[in-house]
Amino acid sequence: MNHVVLVGRLTRDPELRYIAGSGTAVANFAIAIDREFSGKDGKKETDFIDIQVWGKSAENCANYIGKGSLVAIQGSIRIDSYQNQAGETRRATKINATRVQFLDTKNKSESSYKGNHQGFEPSFEPKGLDPQGFQAIDDDDIPF
């Protein structure tokens with residue numbers, strides 16, 4: 001089983017691009033995660049983990065989160081192999097995210113999504129509902 005869950009802060013803004021031919025969106029960014037223990041010198045150590053996300057989630061990441069944003073990532077570990085210019089085989093490890101949960105936004109004061117949205121991706125707001133999830137109905141539509 002290859003399943004990863006991580007919580008960390010973005011080290012840079014997501015880089016959004018589209019795959020030629022298919023037009024599929026892909027975003028790349030990295031998150032920083034502090035280790036639970038300190039190093040020999042007593043300082044906290046931090047891991048920097050590359051993340052790749054595809055499709056509509058990639059576009060949402062580019063629009064709603066940025067450097068310093070806190071996110072939760074679900075996905076799988078992916079190891080890519082390639083050859084450098086010297087002909088040596090190199091490996092790159094990254095997380096292929098299947099879900100990115102926004103725990104805060106790029107700029108809370110300028111967010112176009114209003115209401116209590118902590119932990120929800122703005123693009124999944126149901127249509128016809130206000131940000132709190134209530135839909136206005138006419139009194140004549142109530143059966144009692």
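**Overall layout**

Modeller: From the N terminus on, the chain's elements run β-β-β-β-α-β-β. That comes to one helix and six strands. Helices (H or I, at least four residues) and strands (E, at least two) are DSSP runs, numbered from the N terminus. This is a predicted model: local features need pLDDT of at least 70, side-chain atom pairs count only at pLDDT 80 or more, and totals for chains, interfaces and linings use all residues. Residues are numbered from 1 along each chain as its sequence is written, and side-chain values use heavy atoms, with hydrogens and water left out.

Colleague: What share of the chain's residues count as buried?

Modeller: 30% of the 144 residues. Buried means under 20% relative accessible area, exposed over 50%, partly exposed in between (1.4 Å probe, protein chains only).

Colleague: Which residues in the largest nonpolar core touch the most other members?

Modeller: Phe 29, Ile 31, Val 53, Val 71, Ile 73 and Val 100. The core has 19 residues. A nonpolar core is a set of buried Ala, Val, Leu, Ile, Met, Phe, Trp, Tyr and Cys residues joined through side-chain atoms within 4.5 Å.

Colleague: And which strand gives the most to this core?

Modeller: Strand 3, with five residues. Helix 1 (55-64) is among the elements that each supply at least two.

Colleague: New topic. How do strand 2 and strand 3 pair?

Modeller: Strand 2 (residues 15-18) and strand 3 (residues 25-38) pair in the antiparallel sense, over four bridges. Two strands pair if DSSP finds at least two bridges between them. Tyr 18 has Ala 25 in strand 3 as its bridge partner.

Colleague: What sits between them?

Modeller: Six residues, as the two strands form a hairpin. Gly 21 in the turn has a positive phi of about 95°.

Colleague: Now Asp 104. Buried or exposed?

Modeller: Asp 104 counts as buried, because its relative accessibility is 16%. Asp 104 lies in the segment after strand 6 (89-102).

Colleague: What does its side chain reach?

Modeller: The backbone nitrogen of Leu 70, at 2.8 Å. The side chains of Asp 104 and Arg 9 also make a polar contact of 3.5 Å. A polar contact is a pair of N or O atoms within 3.5 Å; within protein, one must be able to donate a hydrogen and the other to accept it, and residues adjacent in sequence count only if both atoms are side-chain atoms.

Colleague: Which residues is Asp 104 in contact with, neighbours within four places aside?

Modeller: Arg 9, Ile 65, Ser 69 and Leu 70. Contact means heavy atoms within 4.5 Å.
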